[in-house]
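Opening the notebook on a new model. I want the overall build first, then a few residues one by one.

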Amino acid sequence: MDIRSVNILVLAYIGDTVYENYVRHYLVNKGINNVDTLQTQSINFVSANNQAKYVNKLIDEDFFTEDELSVFRRARNYKSSRHPKNTDIVTYKNATGLEAIIGFLDLTNNKDRIDLLMSYILKGD
């Protein structure tokens, strides 16, 4: 599969599931045993506002490779008719960019890089 031909929103779709799975495992491994608490705690990581905050910090710290930044820019610049309910469009597009990077890494079987990225994000807890 040529990863450049995959729709950028498909990359974000895959990345969203990978990202959320990491967050859920992280919280369960912390010993949280209540589903309501898990849901509440996961918002600290999975909301568009927090995802945008993480991706902007990672960009400022030159964390991403040029290929990853290219995926991010494609996602951020994608023309979409969807409008977020709880956040502004810029924040939403930056969060989508983070998810697209993770989807790109997943579909290119770069689990070590996903582990590094997610450990950076989750260490802020």
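Burial terms before anything else: I call a residue buried under 20% relative accessible area, exposed over 50%, and partly exposed in between, using a 1.4 Å probe and protein chains only. This is a predicted model, where local features need pLDDT of at least 70 and side-chain atom pairs count only at pLDDT 80 or more, while totals for chains, interfaces and linings use all residues. Residues are numbered from 1 along each chain as its sequence is written, and side-chain values use heavy atoms, with hydrogens and water left out.

**Entry 1: the whole chain**

I looked up the secondary structure and got 6 helices and 0 strands. From the N terminus the order reads α-α-α-α-α-α. Helices here are DSSP runs of H or I with at least four residues, strands are runs of E with at least two, and both are numbered from the N terminus.

Next I checked the overall dimensions. The C-alpha trace spans about 40 × 35 × 30 Å along its principal axes. The radius of gyration is 14 Å, which agrees with the value near 14 Å for a compact globule of 125 residues. That radius is taken over C-alpha atoms, and the globule rule is 2.2 Å times the number of residues to the power 0.38.

Buried residues come to 42% of the 125. For contacts I use heavy atoms within 4.5 Å. Of the contacts with a separation of 6 or more, 68% are between residues 24 or more positions apart.

The chain exposes about 7600 Å², and carbon and sulfur atoms supply 49% of that. The areas come from the Shrake-Rupley method with a 1.4 Å probe; for residues, only the protein chains shown count as cover.

Charges: I found 15 positive and 16 negative side chains, with the centres of the two sets 4 Å apart. Lys and Arg count as positive, Asp and Glu as negative, and His and the chain ends are not counted. Each charge is placed at NZ of Lys, CZ of Arg, CG of Asp or CD of Glu.

**Entry 2: aromatic rings**

How many aromatic pairs does a search of the whole structure find? I get 4. One of them is Tyr-26 with Phe-45, edge-to-face at 5.9 Å centre to centre and 80 degrees between the planes. This pair links distant parts of the chain, with Tyr-26 in helix α1 (residues 8-29) and Phe-45 in helix α2 (residues 35-46), 19 residues apart. Phe-45 also pairs with Tyr-54, this time stacked, at 6.4 Å centre to centre and 20 degrees between the planes.

My cut-offs: rings of Phe, Tyr and Trp (its six-membered ring) pair if their centres lie within 6.5 Å; planes under 30 degrees apart are stacked, over 60 edge-to-face, and the rest tilted.

Ring pairs join Tyr-26, Phe-45 and Tyr-54 into a cluster. Phe-45 is buried because its relative accessibility is 2%. Tyr-54, at 14%, is buried too, whereas Tyr-26 is partly exposed at 22%.

I also took one distance from Phe-45: Glu-66 is 21 residues away in sequence and 24 Å away in space, C-alpha to C-alpha.

**Entry 3: two buried residues**

Ile-121 sits in helix α6. Its relative accessibility is 1%, so I log Ile-121 as buried. Leaving aside neighbours within four places in sequence, Ile-121 is in contact with Tyr-19, Phe-45, Tyr-54, Leu-58 and Leu-98. Ile-121 and Leu-27 are 94 residues apart in sequence and 13 Å apart in space, C-alpha to C-alpha.

Is Glu-99 buried or exposed? At 12% relative accessibility, Glu-99 is buried. Glu-99 belongs to helix α5. With neighbours within four places in sequence left out, the contacts of Glu-99 are Leu-11, Ala-12, Gly-15, Asp-16 and Gln-51.

**Entry 4: positive phi**

Most residues other than glycine have a negative phi. I find Asp-62 in the loop between α3 (48-60) and α4 (66-77), and its 68% relative accessibility makes Asp-62 exposed.

Asn-109 also has a positive phi, near 55 degrees. Its loop runs between α5 (89-107) and α6 (111-122). Asn-109 counts as exposed because its relative accessibility is 70%.
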